[in-house]
Amino acid sequence: MATPVRSRPAGVGRNTESPLPVLPGASQEEIRRQNLGAVLRYVHLHGPTSRAELTSRLGLNRSTIGALAADLVTSGLVTEDAPATTRRAGRPSLVVSPRSDRVYAHALSIDADRLRAARVGLGGQILDLREIPRPSGMSAIDAVGPLADLVRHMEGSVVGDALLVGGAAAVTDTTRDPDGRIRIASIDETLGAALEAELCTSPGFVAGDLADIAGLAEHVRGVAVGFDDAIYLHGDLGISAGIIVGGRLVVGHRGHSGKVGHMVVNPSGLPCGCGSRGCWETEISEAALLRHAGRDPSDRAAVAEVLRAAADGDPTCRAAVEQVADWLGFGVANLVNVVNPDAVVFGGSLRDIFTAGADVVQRRLDTMPLPSAREHLQLRAAALGRDAVLIGAAELAFDKLLADPLNVGVAGQVAT
C-alpha cells in the first residue's frame with residue numbers, strides 16, 4: 001500500500017485509561033477483537049503492565065482481561081510473567097509485556113543528508129539501526145535501493161521465530177542539489193509501493209512526511225503525550241510541521257499540509273527556494289542562523305559551533321541566536337492564533353535554537369497571540385531526538401496489528 005499519512009493510528013490520542021466504548025451493533029467476535037487490540041495497544045505504549053492495572057485502566061473485568069491476555073500470549077505477541085516483587089498478600093497479578101524481541105516493524109527515514117533504517121520492536125524499542133549518507137540531489141525514489149540494502153543487512157541478524165508486521169518510511173521535503181541550492185520536493189506517492197516491491201515484503205509499506213511522523217512520535221511517546229492539540233515544528237534544511245488536532249494528525253490534500261516554513265512573514269526578506277520571498281524558513285532555518293553568525297550558510301556542521309559559542313557568550317553568535325529566536329516566536333505566535341494548540345514542540349535543529357533562545361521566543365508569545373490562545377500554551381523541546389522519525393514510522397507500521405491483533409499471523413519475508 002503506497003499512501004501518504006492521512007490520519008493518526010487508530011488509538012493515537014484516544015484516552016486508553018477510560019472504559020472502552022462498545023461499537024453499535026458489534027458482534028461478540030468484533031468486540032473481542034476490539035478488546036484484544038486495546039490490551040495490546042496499552043502494553044505497546046505503556047510497557048509491562050499487570051493484569052490488575054489493565055482491568056482498572058480499560059474498564060474490563062478480571063476474567064475478560066485474563067482471557068484476552070491468554071489469547072495474546074498464544075498469538076506470540078505478549079508474555080505473561082509473575083512480578084519480580086510484590087507487596088500485597090495473596091496471589092500476585094501477572095504482568096503482561098510486549099514481545100519486543102519477536103514482533104517488529106521496519107522504520108525508514110529519508111533525511112536531508114542521510115538514509116536510516118531501523119528494526120523497531122513492539123513496545124517502541126529500537127532493536128537495530130543502520131545509516132548511510134544521502135548524496136546531494138538524491139530523490140526519495142533513488143533512495144529505495146540503498147534503503148533496501150540496509151534492511152537486508154538488518155534482516156541478516158534476525159534469529160529465531162520473528163514476526164515482521166510491516167514498514168513505514170518518513171521523508172523530508174527539503175533536499176540540497178549538488179550545486180548547493182536547496183530544493184523543495186513533494187513526497188513521491190509511489191515510494192511505499194517501490195519499497196514493497198524492492199523488498200518483496202508481504203506486510204507492505206506506507207510513507208509520509210518526516211515532520212508529520214516525528215510529530216506523531218512525540219504525541220504518542222514524547223513530550224506531547226496527553227495533548228490532543230499540538231504542533232510539532234521540525235527544522236533541518238527547511239521547516240515543516242506536524243499538526244495534531246483532536247488527537248488526529250492533520251495532513252491535508254494528498255498528505256501535503258504542514259509546510260509552515262513557507263508562511264510569508266517578511267515580504268521584503270530573502271528569496272526562498274520555493275520561489276516566494278520572505279518565507280518563515282528564510283528567517284529561522286539553519287542557514288539563517290549561520291548567515292547571521294557570519295558563517296557559511298551551507299555548512300550544517302557549524303550550527304552546533306555557533307550554538308556553543310552563543311552559550312559561551314560570543315556576542316556575534318548570541319545576537320544570531322536571538323534574531324532567529326525572535327522570528328521563531330513571531331511565526332509560532334501566528335500558528336498559535338490559527339490552531340490554538342495546547343503545546344508547541346520544537347524538534348530537529350529548532351530544538352537547539354529554541355533551547356538557546358527560549359526567553360526571546362517566550363517574549364513574542366507573551367504579547368502577540370490572543371489571550372485565549374496563549375494562556376494555556378506550553379512550549380517544549382522534543383524528547384525523542386533524531387530517533388523520533390523512526391519511532392513514529394514504526395507506530396504507523398504497527399497500526400494494523402494493534403487495530404486487530406488476530407489479523408497478523410505469519411511473518412513477512414524480506415527478499416535477500
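The charged end of R119 sits over the ring of Y104, 5.0 Å from the ring centre. Such a placement requires NZ of Lys or CZ of Arg within 6 Å of the ring centre and within 35 degrees of the ring normal. This is a predicted model: local features need pLDDT of at least 70, side-chain atom pairs count only at pLDDT 80 or more, and totals for chains, interfaces and linings use all residues. Residues are numbered from 1 along each chain as its sequence is written, and side-chain values use heavy atoms, with hydrogens and water left out.

**Three-stranded sheet**

- An open sheet of 3 strands runs in the order β1-β3-β2, with antiparallel pairing. Strands (E, at least two residues) and helices (H or I, at least four) are DSSP runs, numbered from the N terminus. Two strands pair if DSSP finds at least two bridges between them.
- The edge strands are β1 (49-50) and β2 (78-81), and each pairs on one side only.
- β1 and β3 are joined by 2 bridges. Here T49 stands opposite V96, and S50 stands opposite V95.
- β2 and β3 are joined by 4 bridges and run antiparallel. V78 stands opposite P98 in β3.

**Strand β3 and S97**

- In a regular strand the side chains alternate between the two faces of the sheet.
- Both faces of β3 are covered: V95 and S97 are buried on one side, V96 and P98 on the other. Buried means under 20% relative accessible area, exposed means over 50%, and partly exposed lies in between (1.4 Å probe, protein chains only).
- S97 belongs to β3, residues 95-98. S97 counts as buried because its relative accessibility is 14%.
- Leaving aside neighbours within four places in sequence, S97 is in contact with P48, L77, V78 and T79. Contact means heavy atoms within 4.5 Å.

**Helices α1 and α14**

- Two packed helices are described by the angle between their axes and the distance between the axes.
- Helix α1 (residues 28-46) packs with helix α14 (residues 388-403) at an angle of about 145°, and their axes are 8 Å apart. Axes are lines fitted to C-alpha atoms, for helices over the stretch in contact, and angles run from 0 to 180 degrees between N-to-C directions.
- On the α1 side, the contact involves R33, G37, L40, R41, H44 and L45. They meet E395, F398, D399, L401, L402 and A403 in α14.
- By class, the contact of α1 with α14 has 6 nonpolar, 2 polar and 4 charged residues. Ala, Val, Leu, Ile, Met, Phe, Trp, Tyr, Cys and Pro count as nonpolar, Asp, Glu, Lys and Arg as charged, and the others, Gly among them, as polar.

**Aromatic pairs**

- The count comes to 2 aromatic pairs. Rings of Phe, Tyr and Trp (its six-membered ring) pair if their centres lie within 6.5 Å; planes under 30 degrees apart count as stacked, over 60 as edge-to-face and the rest as tilted.
- W327 and F330 form an edge-to-face pair, 5.3 Å centre to centre, with 65° between the planes. These two residues are separated by about one helical turn because they are 3 residues apart in helix α10 (residues 315-339). W327 counts as buried, at 18% relative accessibility.
- F346 and F354 are stacked because their ring centres are 4.2 Å apart and their planes are at 10°. F346 is buried, with a relative accessible area of 0%. F354 is buried too, at 8%.

**Backbone at N340**

- Most residues other than glycine have a negative phi.
- N340 is not a glycine, yet has a positive phi of about 55°.
- N340 lies in the loop between α10 and β14 (343-348). N340 is partly exposed, with a relative accessible area of 35%.
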